[in-house]
Amino acid sequence: MRNQMSPSMFVLVYLILVLNGQSITTIAKARSNVRIVYLGEKPRDDPKLIQDSHHDMLATVVGSKEIASGLMVYSYKHGFSGFAAKLTESQAQQLAELPGVVRVIPNSLHKLQTTRSWDFLGLSPQSPNNILHNSKMGDGVIIGVFDTGIWPESKSFGDDGLGPVPSRWKGICISGDKFNATTNCNKKIIGARSYIDGFLAEYGQPLNSSRDREYLSPRDANGHGTHTASTAGGSFVGNVSFRGLATGTVRGGAPRARLAIYKVCWNILGGQCAAADMLKAFDDAIHDGVDVLSLSIGSSIPLFSDVDERDGIATGSFHAVARGIAVVCGAANDGPSAYTVHNTAPWILSVAASTTDRAFPTPITLGNNKTLLGQALFTGKEIDFTGLVYPESTGLDSTAGSSCEALKLDKTSVAGNVVLCFTSMARQISFIASTVVQEAGGVGLIVAKHPRDILTSCVADFPCIEVDYEIGTQILFYIRSTGNPLVKLSPTKTIVGMPVSPKVAYFSSRGPSSIAPAILKPDITAPGANILAATTALDPLMDGGYAMRSGTSMATPHISGIVALLKALHPNWSPAAIKSALFTTAWQTGPSGLPIFAEGSPQKLANPFDFGGGIANPNKAADPGLVYDMGTTDYIHYLCAMAYNNSAISRLMGQSMACPSKKPSILDVNLPSITIPSLRDSITITRTVTNVATSKSIYRAVIEPPFGIMISVNPNVLEFNSTVKKISFRVTISTTHKVNTGYYFGSLTWINGVHAVRSPLSVRTEVLQSNAADY
């Protein structure tokens with residue numbers, strides 16, 4: 001008889017895959033015969049003719065149209081031109097040599113990356129004068145979500161009070177396994193598709209051959225997609241909590257926006273997404289008429305280049321942005337190390353994750369009547385005074401058997417007691433350790449670890465309370481000082497506002513960009529820690545259909561929802577204008593007015609490589625005063641500055657392009673930031689700002705120079721009127737440093753008495769530099 005996985009083991013595996021580090025792990029890349037044949041911008045507007053040309057091209061290599069039809073996986077014919085097909089190495093080589101083929105590359109796998117967060121961002125529905133109301137809560141805007149699908153029965157996707165589906169919408173809902181397009185789509189979920197052919201070619205097995213449940217349809221088996229979709233555009237649902245904590249009204253950032261679901265990730269080992277599938281989803285989304293695309297998906301370090309279709313996201317998003325669709329992506333969960341940020345193309349809005357001003361203090365009372373505070377999601381009955389044990393090691397390794405990840409417990413000494421353990425692991429370990437303690441008969445767990453605000457909920461209200469090393473050491477000293485150590489564990493409380501201050505989350509990936517350090521990444525930060533949102537009925541950690549999750553995956557839909565509000569308020573703004581508005585108006589301080597810190601070892605003041613412009617301030621972004629706008633010409637400037645191949649750029653653009661003989665400077669890309677990775681001599685860069693406020697206005701430059709850096713701006717006064725909408729200025733930067741340095745930070749802010757348009761400055765001096773540093 002086939003072995004069955006026990007419920008506890010299922011939950012354990014689920015947690016390892018989904019919560020360990022707030023990132024979905026990837027499987028080893030199998031050898032695949034699926035190739036993506038990328039042809040660049042579509043040559044004509046007739047999708048049928050484009051598709052026929054793809055079959056004709058493939059037929060010239062494989063021998064007939066019948067064989068070509070059987071080998072074809074996808075035809076990309078709306079946003080760009082190309083196809084995915086099952087090819088041998090020699091066939092792929094033959095196609096690569098045909099006229100019009102930009103490149104032929106293998107398919108690749110990518111991985112997946114509330115009640116308080118919206119109020120924290122200033123979008124309370126009780127306030128009549130914020131962007132939420134001024135934008136009619138995003139009514140009429142369509143948010144496309146690339147993820148693991150959706151659980152349509154969730155109350156977060158109810159369509160009460162919504163008007164007709166926008167007439168411009170061209171998308172569809174497609175029925176499938178446990179998903180009925182007629183009953184599961186409504187005026188909230190207006191589109192639902194799934195894409196699996198590219199993934200199955202990599203996986204090489206039937207969909208449900210693993211123990212991971214999955215549906216061959218837009219239905220979500222993982223919970224990740226449902227969580228992100230409800231965070232971006234979910235409807236109002238009152239009186240939601242997680243086991244009595246974080247009680248309030250759950251909703252998305254744009255609660256009246258419509259959702260288009262593109263299931264590109266599959267619940268195999270936690271979540272896998274194929275580049276071929278994502279490119280097809282981009283192609284369809286462009287055709288369907290979405291306004292915003294939200295992708296909580298990343299790849300891995302080292303990154304693919306911006307023009308390498310194996311990325312899938314960079315290529316597809318370029319075509320989307322060229323058509324006015326804002327693309328919002330997670331920065332990834334590989335922090336706090338530098339150079340770990342993903343989705344670094346300048347046309348993508350890359351999102352880091354922060355905590356909010358909410359905490360879950362949990363009292364720990366020792367037998368000496370000293371009370372210490374940990375953090376937990378414990379809502380069970382109080383554990384009255386009982387024994388407290390630390391599994392001391394006796395061998396050569398003083399921590400063997402006592403670290404949280406390798407606990408070796410004596411059931412006789414643990415039964416009925418609370419266990420203390422220490423861990424140096426950055427990833428979440430509390431759930432795994434609590435399972436070991438439970439099996440040994442323990443009644444509670446205290447985990448001492450690096451300070452972080454990401455919490456793990458343990459099954460069946462088993463208390464697993466997290467403390468920092470300082471408090472953990474105090475508890476250990478108490479245990480060692482008495483023959484009968486006791487402890488009482490009290491239920492968790494919820495507090496919001498002061499004295500809790502937001503921080504950049506420990507896991508959030510940090511800049512600089514490993515591809516182009518002069519392009520500041522991430523762009524912006526939003527809440528991504530302990531976010532309560534909708535999930536599937538299969539989620540073992542859900543409570544009433546809602547669950548807490550953490551990651552830049554959760555921060556990304558916060559920004560997607562805000563972008564939807566801005567799009568409703570300013571329908572003619574470009575994706576770059578929206579990014580600039582968010583970037584230049586962001587918070588650098590918490591509600592207390594104190595600077596924002598970044599979690600790490602140790603914690604430090606956050607800088608632009610941690611949070612980009614800062615934590616998003618939606619209400620200020622609605623009226624930024626000036627924007628640093630960009631379009632296709634600016635992105636070509638960037639691609640040429642990166643020395644990418646002329647033919648690849650030409651095919652991407654759909655027309656012949658030749659970069660200038662003198663490589664343009666990447667420092668002149670019109671970003672709302674200035675980042676100089678290698679300053680030696682004085683350099684001058686150019687920026688252009690566009691006035692989007694009252695026609696007559698005068699702005700003056702305020703400079704906070706980085707340490708040892710001299711900055712001058714010309715002109716330092718910008719005067720706009722009814723005929724002058726755009727003004728360029730030059731910034732000259734020099735250094736007094738005579739040695740190589742790390743990065744120093746400052747800012748350039750344009751002020752007019754109403755608006756403060758802030759650009760961060762990040763400068764590193766390199767007296768000795770290589771040719772690679774020639775900007």
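**View 1. Strand β34 pairs with strand β38 and with strand β32 in this predicted model.**

**View 2. Five strands form an open sheet with mixed pairing.**
The strands lie in the order β33-β40-β39-β35-β37. At the edges are β33 (674–679) and β37 (717–720), each of which pairs on one side only. On average, neighbouring strands of the sheet are turned by 20° against each other, direction ignored.

One of the residue pairs to look for is isoleucine 751 with its bridge partner in β40, alanine 756.

**View 3. Helix α19 packs against helix α20.**
Two packed helices are described by the angle between their axes and the distance between the axes. For α19 (residues 632–641) and α20 (residues 646–653), the angle is about 160° and the axes are 11 Å apart. Because angles over 145 degrees count as roughly antiparallel, α19 is described as roughly antiparallel to α20. The crossing of α19 past α20 is right-handed. On the α19 side, the contact involves Thr632, Ile636, Leu639 and Cys640; on the α20 side, Ile649, Leu652 and Met653. Of the residues in this contact, six are nonpolar, one is polar and none is charged.

**View 4. A disulfide joins cysteine 173 to cysteine 185.**
The structure holds four disulfides, and this view shows the one between cysteine 173 and cysteine 185, with an S to S distance of 2.0 Å. The torsion about the S-S bond is about -100°, so this disulfide is left-handed. Cysteine 173 sits in the loop between β6 (142–147) and α7 (181–184), while cysteine 185 sits in the loop between α7 and β7 (189–194). The pair therefore ties together parts that are 12 residues apart in sequence.

Terms used: Residues are numbered from 1 along each chain as its sequence is written. This is a predicted model: local features need pLDDT of at least 70, side-chain atom pairs count only at pLDDT 80 or more; totals for chains, interfaces and linings use all residues. Side-chain values use heavy atoms; hydrogens and water are left out. Two strands pair if DSSP finds at least two bridges between them. Helices (H or I, at least four residues) and strands (E, at least two) are DSSP runs, numbered from the N terminus. Axes are lines fitted to C-alpha atoms, for helices over the stretch in contact, and angles run from 0 to 180 degrees between N-to-C directions. Angles under 35 degrees count as roughly parallel, over 145 as roughly antiparallel, 65 to 115 as roughly perpendicular and the rest as oblique. A crossing is left-handed if the near helix is turned anticlockwise from the far one by less than a right angle, and right-handed if clockwise. Contact means heavy atoms within 4.5 Å. Ala, Val, Leu, Ile, Met, Phe, Trp, Tyr, Cys and Pro count as nonpolar, Asp, Glu, Lys and Arg as charged, and the others, Gly among them, as polar. A disulfide is a pair of cysteine sulfur atoms within 2.5 Å.
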